Amino acid sequence: MSAPPPVPAGTTEAIGNSDAARASLEALRSEIAKAVVGQDSAVTGLVVALLCRGHVLLEGVPGVAKTLLVRALASSLDLDTKRVQFTPDLMPSDVTGSLVYDARTAEFSFQPGPVFTNLLLADEINRTPPKTQSSLLEAMEERQVTVDGTPRPLPDPFLVAATQNPVEYEGTYPLPEAQLDRFLLKLTVPLPSRDEEINVLTRHSDGFNPRDLDSAGLRPVAGPADLEAARHAVAQTKASPEIVGYVVDICRATRDSPSLSLGVSPRGATALLATARAWAWLTGRDYVTPDDVKALALPTLRHRIQLRPEAEMEGVTPDSVITAVLAHVPVPR
C-alpha cells in the first residue's frame with residue numbers, strides 16, 4: 001500500500017481555525033438567548049449574511065425585538081452597532097455624513113455618519129423617501145461612501161439590517177426592486193408563541209432591562225477574527241455541478257411561473273448558492289446538499305420575485321410560489 005500524500009502546509013491549522021470559528025458562531029444562539037426569546041431562525045439568518053458579506057431585511061410587526069436582536073448580535077460578536085430611525089425628513093447626509101466647515105482652521109472636514117459602523121440598524125427603512133433610501137446603495141454594494149468625490153471605506157465586517165412593518169403601509173415608500181435585490185436575505189420575525197411570551201414577561205418582571213445588555217450577562221463569544229476564519233472556510237465549501245444546476249433550475253422556474261411578473265435574476269441565483277454554502281458549513285459539512293438549498297430558498301428568494309396583481313388578489317404569496325417551485329423542480333441525486 002502506498003504512503004498517503006503529504007498534507008499541504010497550513011491545512012491542519014486551517015481546519016482547526018474553521019472548527020473553532022464554527023464553535024464560536026454556534027455559541028451565539030445561547031448568548032443571544034439571554035436577551036432575546038426565540039427567533040433562532042433570524043439569528044441564523046443574520047450569521048449567514050455576515051458570512052456571505054450580505055445584508056438583511058427584517059420584516060415583522062412592532063415589538064417583536066428586531067432592534068434588540070441586532071444589538072444582542074453586535075454585543076455577542078464584539079462589533080460596533082448604530083441605529084438610524086428612518087423618517088420622511090431624514091436626509092442622505094444624516095446617514096452617510098457630510099463636510100462640516102471648521103471656523104478655527106477655515107477648512108472643511110468630513111464628519112462620518114452612522115453608516116460608519118459594523119452593524120447598521122436601518123429602522124423602518126420604507127418610511128423615508130427614495131432619495132434617502134438610495135444613500136445606502138453605495139454603502140451596501142461597494143462598502144464605501146463617496147462624499148465630495150472622495151471614497152471613504154467602511155469598516156469590515158459591515159452589515160445593514162433594515163426593518164419594515166408588514167401591516168402598515170400608509171405614509172411609506174416601498175423599496176424598489178433594484179434596492180430589494182441588494183439585500184441577501186429577507187427574514188420574517190414572527191410573534192412569539194404563548195410559552196415564549198410568558199418567558200418574555202417573566203424576564204421583565206424579574207428586572208430584565210433591554211437597554212442594558214451587560215446586566216443580562218451578554219458577553220462576546222466570537223469576534224471579527226472568527227468571522228474572517230469562517231468566511232475563509234465557507235469559501236472552501238464545495239458545490240457540485242449538480243447542485244449548481246439545481247440552483248439555476250429553481251431560479252429559472254420562477255421566471256416561468258404564471259403567478260409572477262418578475263422571477264429571480266442571476267444575482268438571486270448567485271445569492272442562493274452563497275447562502276446554501278454558508279448554511280452547509282454552519283451545519284458541519286464542507287459540501288452543499290439539496291437540503292441546504294431548500295433551507296435557504298425562502299429567505300433568499302422571497303423578496304426577489306414580484307406577484308401578478310391577479311395572483312395577489314387570489315391570495316398567492318411569494319413563499320407559496322417558491323414552495324411550489326421547490327416541489328416541482330427535480331432534486332439531483
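This is a walk through the model, one selection at a time.

**Before you click**

The model is predicted, so to speak of local features a pLDDT of at least 70 is needed, side-chain atom pairs count only at pLDDT 80 or more, and totals for chains, interfaces and linings use all residues. Residues are numbered from 1 along each chain as its sequence is written, and side-chain values use heavy atoms, with hydrogens and water left out.

**Whole chain**

Start with everything shown as a cartoon. Along the principal axes, the C-alpha atoms fill a box of roughly 80 × 55 × 50 Å.

Colour by accessibility next: 44% of the 333 residues count as buried. Here buried means under 20% relative accessible area, exposed means over 50%, and partly exposed is in between, with a 1.4 Å probe and protein chains only. Of the contacts with a separation of 6 or more, 79% are between residues 24 or more positions apart; a contact means heavy atoms within 4.5 Å.

**Select 290-301**

This is helix α12, whose 12 residues reach 16 Å from first C-alpha to last, close to the 16 Å expected at 1.5 Å a residue. The expected span is 1.5 Å times one less than the number of residues. Show side chains and pick out the buried ones, among them Val293, Leu296 and Leu301. Which elements do the buried residues of α12 pack against? They pack against β9 (185-188), α10 (241-255), α11 (266-282) and α14 (318-328).

The structure holds 14 salt bridges, each a side-chain nitrogen of Lys or Arg within 4 Å of a carboxyl oxygen of Asp or Glu. Asp181 and Arg304 meet in one, at 2.7 Å from N to O. Asp181 is in the loop between α7 (177-180) and β9, and Arg304 in the loop between α12 and β11 (306-307), so the pair ties together parts 123 residues apart in sequence. Are Asp181 and Arg304 buried or exposed? Both are buried.

Arg302 pairs with Asp319, with the closest N and O atoms 2.9 Å apart. Arg302 sits in the loop between α12 and β11 and Asp319 in helix α14, so this pair ties together parts 17 residues apart in sequence. Arg302 is buried at 12% relative accessible area, while Asp319 is partly exposed at 27%. Now bring in Arg267: salt bridges with shared partners join Asp181, Arg267 and Arg304 into one network.

Ser76 is in helix α3 (residues 66-77) and counts as buried at 0% relative accessibility. Leaving aside neighbours within four places in sequence, the contacts of Ser76 include Leu28, Glu31, Leu218 and Val221. Glu31 is buried at 7%, whereas Lys34 is partly exposed at 34%.

Most residues other than glycine have a negative phi, and most peptide bonds are trans. Arg53 has a phi near 55° and is found in the loop between α2 (40-51) and β1 (56-59). Asp148 also has a positive phi, of about 55°, and lies in the loop between β6 (144-147) and β7. Which peptide bond is cis? The one from Asp156 to Pro157, with omega near 5°. Pro157 lies in the loop between β7 (150-153) and β8 (159-164).

Last stop: show the surface. Leu99, Tyr101 and Phe108 form a nonpolar patch with about 320 Å² of accessible area together. Patches use residues with over 30% relative accessible area and no salt bridge, joining like charges within 9 Å and nonpolar side chains (Val, Leu, Ile, Met, Phe, Trp, Tyr) within 5 Å. Areas come from the Shrake-Rupley method with a 1.4 Å probe, and for residues only the protein chains shown count as cover. Phe108 is in strand β4 (residues 107-112) and counts as exposed at 58% relative accessibility.

Notes: Helices (H or I, at least four residues) and strands (E, at least two) are DSSP runs, numbered from the N terminus.
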